[in-house]
Amino acid sequence: GGMEINMRITVHRMYFIWDFDREEIWLNEMAAQGKNLVRTSFFTFVFEEGNPGEYEYHLEWMKHFPTHPESIKYRRFLEETGFEEVSTFKKWLFIRKKSTEMAYSLFSDIDSRMEHLRRIMIFIPILFCSLFAFMCLELSMLALSHESISILSFVAVTFIFMLRFMASGFIKSWKAYRRLKKERLIRE
């Protein structure tokens, strides 16, 4: 019957480190429609037409970059447990498993989910500090070059907007973390 060509669909979508749960749900909704993720890059997702509900997707923010020895070991471990690696981007790891196999949640273990959130909560302030340093540098350069006040205020407003944005991501992760902590106490 000749070569079958699978349709590819590219979706551009912005997502942030604290939205991993929402992204995971979205990827699994796509998989339920038969659109399977095959590649990711900067805010870009490439899907391939397949059988609806064939795969279950998981998304994780790793402690180290994919090339780090610890990450390599972890990725091998996942392969041995039946996961197929779809893509890595920065510290993101996209993996999938055939749905027919026993449902397995990477985060079935509360502790590992808490650890995941802790990693995110550590990352946000680091991101903030690097942004802050960059902003200070920008502002001092602008001030030295006697730029108009409108440019200075634009830079300041952009910074405040990003700060609020990061703060909301941090609060979201912190609330999820606290919720899990309570849940763990109940279970103990």
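In this predicted model, E84 has R96 of β6 as its bridge partner.

**Around β6**

Let's look at the strands themselves. β5 (residues 84-89) pairs with β6 in the antiparallel sense through five bridges, and the two form a hairpin with two residues between them. In the turn of this hairpin sits K90, whose phi is positive, at about 55°. β4 (residues 55-61) also runs antiparallel to β6, joined to it by seven bridges. How enclosed is strand β6 (residues 92-98)? Six of its seven residues are buried, so β6 is largely enclosed by the rest of the structure.

**The sheet of β1, β2 and β3**

Now for the open sheet, in which three antiparallel strands follow the order β1-β3-β2. The edges belong to β1 (8-12) and β2 (35-41); each has a single partner strand, so one side of each lacks a neighbour in the sheet. On average, neighbouring strands here are turned by 25° against each other, direction ignored. Helix α1 (residues 20-32) packs on this sheet and touches β1, β2 and β3, with its direction at about 25° to that of β3. Within the sheet, β1 and β3 (residues 44-49) are antiparallel partners over five bridges, and H12 has T44 of β3 as its bridge partner.

Here are the strand pairs with their bridges:

| Strand pair | Sense | Bridges |
|---|---|---|
| β1 and β3 | antiparallel | five bridges |
| β4 and β6 | antiparallel | seven bridges |
| β5 and β6 | antiparallel | five bridges |

Methods
Residues numbered from 1 in each chain as written. Predicted model: local features only at pLDDT ≥ 70, side-chain atom pairs only at ≥ 80, totals over all residues. Heavy atoms only, no water. Pairing = 2+ DSSP bridges. Helix = DSSP H or I, 4+ residues; strand = E, 2+ residues; numbered from the N terminus. Axes fitted to C-alpha atoms, helices over the stretch in contact; angles between N-to-C directions. Contact = heavy atoms within 4.5 Å. Buried < 20%, exposed > 50% of the residue type's maximum accessible area, 1.4 Å probe, protein only.
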